[in-house]
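This report describes a single protein chain from its atoms. The sequence and structure are shown first.

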Amino acid sequence: MTATAAAGVRPGTSRPLAGTGTLLRFALRRDRVMIPVWVAVNALMVLSMPGTLEGLYGTAAERADLVRQMETNSSLRAMVGPLFDDGLGALTAWRVGVYAAALAAVTGLLVVVRHTRDEEESGRQEVVASGMVGRRASLTAALLAAGAANAALALVVAAGLAGLGAAGAVAFGLGVAGVGMLFATMAAIAAQLTESARLARGLTAGVLGGAFVLRAAGDSATADGSSVLTWLSPLGWLENLRPFAGERWWVLGLLAGAAVAQGAVAFLLAGRRDLGMSFLPTRPGPAAGRLATAGALAWRLQRGAVAGWSAGFLLAGLVYGGMTEGAADLVGDNEQARGIIERMGGQAAITDAFMSAMIGMLGLVAALYVVSSVLRLSGEETSGRAEPVLAGAVGRLRWAAGHLVVAFGGAALVLLLGGAGFAAGHGRDAGAILGACLVQVPAVWVVGGVAVLLHGLLPRAAGAAWAVAGAVLLLGWVGPALDVPQAVLDVSPFGHLPKLPGGEMDWPPVLVLLLIAGALVTVGLAGLRRRDMST
């Protein structure tokens, strides 16, 4: 049965949106795991925060003091944005708004690129387009799938926060979803401009990183979000919506207008190019020399992603390092806040505990990198690009090893760069900080090993590695704030790492994690060697 027949479409149409409904159902079916996982992780991060913040700042005096501290602490404003009100709803929007919006943006760009440029790059779109499918049906279905994900997130967040104020909850839910759709339509434009799905994702992610930098720079300069730099960032638009703090509803119009305008540009570009082509064609490279080995090819394919993640970690390290001393002042005598930081970063002095907690966050994010890099194997295999490589004098293990060296070595590299940025921002303790970052590597490699295992044994379920990475991120980010039992936190490999700097180095769990990662990779490669390759 052809892909056209499987999608339920019939040949012969000139209507630009014909077949959109069928392709939308097909896209939602393909993403029946990924979209719910990303939405659930984001929603849980948001909805777990009110209870935590209520425990941290239970009195009006404590909340008012927090507002005063945020007005003078530019480092913390750069990380989480300004605080406009001392109500519990405003505290929630302040604490997780930037990160919820960024996560929604990542979800949107992944969904759109997967169902547009990925399909063209693999050749599947050509088969589907030969049926009763309009020129813009795939793009429309992709944007509608992203819209469904963001609508579900907005609904869950608004319903979950309604008890704090219906207007603020609706504004916050719509604002987060609006940022998600803004980057979804931006990814749709990138998918028309580039010939590579990897480059489309990288360009959109780069804009997201730039938006975070602009917002951070603007918020560090002013305490009310009025900086021009803040207004240049879509993430800054969300905070200037001011949920639970005198909502500015017109900002939603700004988000909607920008998303609609970008969507219109994407549709215009989609109608002006041939299938599989792009407005920025990929420059052909050499077939020999630096690309003569499978490892060199893997590096060529993934070097852009490594460079992007490296720059992001270096910048994040600078931000976290610069705010370390300010965080100690913010915690002050608040025992609940101190307890959360100690659960995340150990029982050392508050400054060391905070550094340990932030370095642990870098490790959790590095787990997302290693999964994305390992799953490049799945992309090369399902698109058919691995077949001509393996048809030559290259074995499966050698082919896979090239990508895994980039994945696992790249994870260590980005963590070291994050540590270098942290040390530069903090101004001291470079050796201790770099050592603490390296301690995160075994846990990151365990998550990468799970991705290798799934790709080798269950290639159709390899995407479940994202669910594993999301669960690990959720446990590390939200678990300590909710005072989750240690037995639950220990499900994550990060729960077994020593708390550095400030704590005692404990080698046995680190070595055990390295052995587990090695075993997972070995079993996964054995499965890859024995099974049939996907087509």
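## Overall make-up

The model is predicted. It contains 27 helices and zero strands. Of the 535 residues in the protein, 52% are buried. The exposed surface comes to about 21,900 Å², and carbon and sulfur atoms supply 65% of it.

## Nonpolar cores

The largest nonpolar core has 143 residues, and within it Phe172 and Phe494 touch the most other members. Helix H7, residues 88-115, gives the most to this core, with 18 residues. A separate core of five residues includes Leu23, Val133, Ala137 and Ala141.

Leaving aside residues up to four places away in sequence, Phe494 touches Gly363, Leu364, Ala367, Gln440, Ala443, Val444, Val447 and Val472. Helix H24 covers residues 441-457, a range that includes three of these partners, Ala443, Val444 and Val447. This helix has 17 residues and reaches 24 Å from its first C-alpha to its last, close to the 24 Å expected at 1.5 Å a residue. Because 13 of its 17 residues are buried, H24 is largely enclosed by the rest of the structure.

## Surface patch

On the surface, Val213, Leu314, Leu315 and Leu318 form a nonpolar patch with about 270 Å² of accessible area together. Helix H16 (residues 294-322) contributes three residues, the largest share of the patch. Leu318 is found in H16 and counts as partly exposed, at 38% relative accessibility.

## Salt bridges

The protein has 10 salt bridges under a cut-off of 4 Å between side-chain nitrogen and carboxyl oxygen. One of them pairs Arg201 with Asp118, with the closest N and O atoms 2.9 Å apart. Arg201 lies in helix H12 (residues 197-221) and Asp118 in helix H8 (residues 117-122), so the bridge ties together parts that are 83 residues apart in sequence. Both ends are partly exposed: Arg201 has a relative accessible area of 26%, and Asp118 one of 22%.

Glu120 forms a salt bridge with Arg273, with the closest N and O atoms 2.6 Å apart. Glu120 is in helix H8, while Arg273 is in the loop between helix H15 (250-270) and H16, 153 residues apart. Both Glu120 and Arg273 are buried. The side chains of Glu381 and Arg531 also meet in a salt bridge, at 2.7 Å from N to O. This pair links helix H20, which holds Glu381, to the segment after helix H27 (507-530), which holds Arg531; the two residues are 150 apart. Glu381 is buried at 2% relative accessible area, and Arg531 is buried at 12%. Salt bridges with shared partners join Arg117, Glu120 and Arg273 into one network.

## Individual sites

Ser378 is placed in helix H20, residues 376-382. With a relative accessible area of 12%, Ser378 is buried. Not counting residues up to four places away in sequence, Ser378 touches His455 and Ala462.

Tyr57 sits in the loop between helix H4 (49-56) and helix H5 (60-72). Is Tyr57 buried or exposed? At 10% relative accessibility, Tyr57 counts as buried. From Tyr57 to Asp86 the separation is 29 residues in sequence and 9.5 Å in space, C-alpha to C-alpha.

Notes:
Residues are numbered from 1 along each chain as its sequence is written. This is a predicted model: local features need pLDDT of at least 70, side-chain atom pairs count only at pLDDT 80 or more; totals for chains, interfaces and linings use all residues. Side-chain values use heavy atoms; hydrogens and water are left out. Helices (H or I, at least four residues) and strands (E, at least two) are DSSP runs, numbered from the N terminus. The expected span of a helix is 1.5 Å times one less than its number of residues. Buried means under 20% relative accessible area, exposed over 50%, partly exposed in between (1.4 Å probe, protein chains only). Accessible areas come from the Shrake-Rupley method with a 1.4 Å probe; for residues, only the protein chains shown count as cover. A nonpolar core is a set of buried Ala, Val, Leu, Ile, Met, Phe, Trp, Tyr and Cys residues joined through side-chain atoms within 4.5 Å. Contact means heavy atoms within 4.5 Å. Patches are made of residues with over 30% relative accessible area and no salt bridge: like charges are joined within 9 Å, nonpolar side chains (Val, Leu, Ile, Met, Phe, Trp, Tyr) within 5 Å.
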